[in-house]
Amino acid sequence: MKNQTINLALFLFLLHGSIFGQSDKIIARQGKVSFFSYTAVENIEATNNQVISIIDRESGEIAVQMLMRAFVFKKALMEEHFNESYVESDTYPKLTFSGTTDALKGEELNDAPIFIKGIMDFHGVQKPVEIKTMVQTSTDTFVLEGDFNVNIADFAITVPPLLVPNISKEIQVMFRFEYAPYE
């Protein structure tokens, strides 16, 4: 609970600075996060296009927040099982990440990999993570894109023994955030 409060406080701090015109803060209002689970029995994939992220380029702080119920699946039954049986979206409605990197302070980041260290708060578990990210910049946008793997046991997600063959123990997560100055 303490880390959830810290994540929320960081997110609000970064948002507050953006609202009051801090030019060093950028925001992605419709970031995309998707995941993929591959097993011999079935593939499971979903996408969330309503992820918000804020970066303070001066301090190198980054915050990400997404609602778990915003993931869209190809099959409605998969979506129901995801929300009710695995991530328990009513009890744990969102995932947050707060982290830092010194690499965001640089001017020449195009196509450069950077590492962002932080705390992921998911399913009631706060876990330190380090995420490799590619950076693309242009005059109007700043893009972070990458992928990483999540071991579902690390976040206390249990799979009923009957369904173990259907769900991968390690889920591939892909993300893309297009940032723009907050105006």
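A residue is counted as buried when its relative accessible area is under 20%. In the predicted model examined here, Ser 37 has a relative accessible area of 1% and is therefore buried. Ser 37 belongs to strand 1, which spans residues 25–38. Leaving aside residues up to four places away in sequence, Ser 37 touches Glu 42, Asn 43 and Ile 44, together with Asn 166, Ile 167, Ser 168 and Ile 171. With Ser 168 there is also a polar approach: a polar atom of the Ser 37 side chain lies 3.0 Å from the backbone nitrogen of Ser 168.

Strand 1 is also one of the elements against which the buried residues of helix 2 pack, along with strand 2 (43–56) and strand 4 (72–73). Within helix 2 (residues 76–86), the buried positions are Met 78, Phe 82, Asn 83 and Tyr 86. Viewed down the helix axis, these buried residues fall within an arc of 125 degrees, so they line one face of helix 2. Just after helix 2, Glu 88 adopts a positive phi of about 50 degrees.

The largest nonpolar core comprises 43 residues, among which Phe 35, Phe 71, Leu 144 and Tyr 179 have the most contacts inside it. Strand 9 (residues 170–181) supplies the largest share of this core, with five residues. Beyond residues up to four places away in sequence, the contacts of Tyr 179 include Ile 26, Ile 27 and Ala 28, as well as Ser 53, Ile 54 and Ile 55.

Terms used: Residues are numbered from 1 along each chain as its sequence is written. This is a predicted model: local features need pLDDT of at least 70, side-chain atom pairs count only at pLDDT 80 or more; totals for chains, interfaces and linings use all residues. Side-chain values use heavy atoms; hydrogens and water are left out. Helices (H or I, at least four residues) and strands (E, at least two) are DSSP runs, numbered from the N terminus. Buried means under 20% relative accessible area, exposed over 50%, partly exposed in between (1.4 Å probe, protein chains only). A polar contact is a pair of N or O atoms within 3.5 Å; within protein, one must be able to donate a hydrogen and the other to accept it, and residues adjacent in sequence count only if both atoms are side-chain atoms. Contact means heavy atoms within 4.5 Å. The arc is that of the directions from the helix axis to the C-beta atoms. A nonpolar core is a set of buried Ala, Val, Leu, Ile, Met, Phe, Trp, Tyr and Cys residues joined through side-chain atoms within 4.5 Å.
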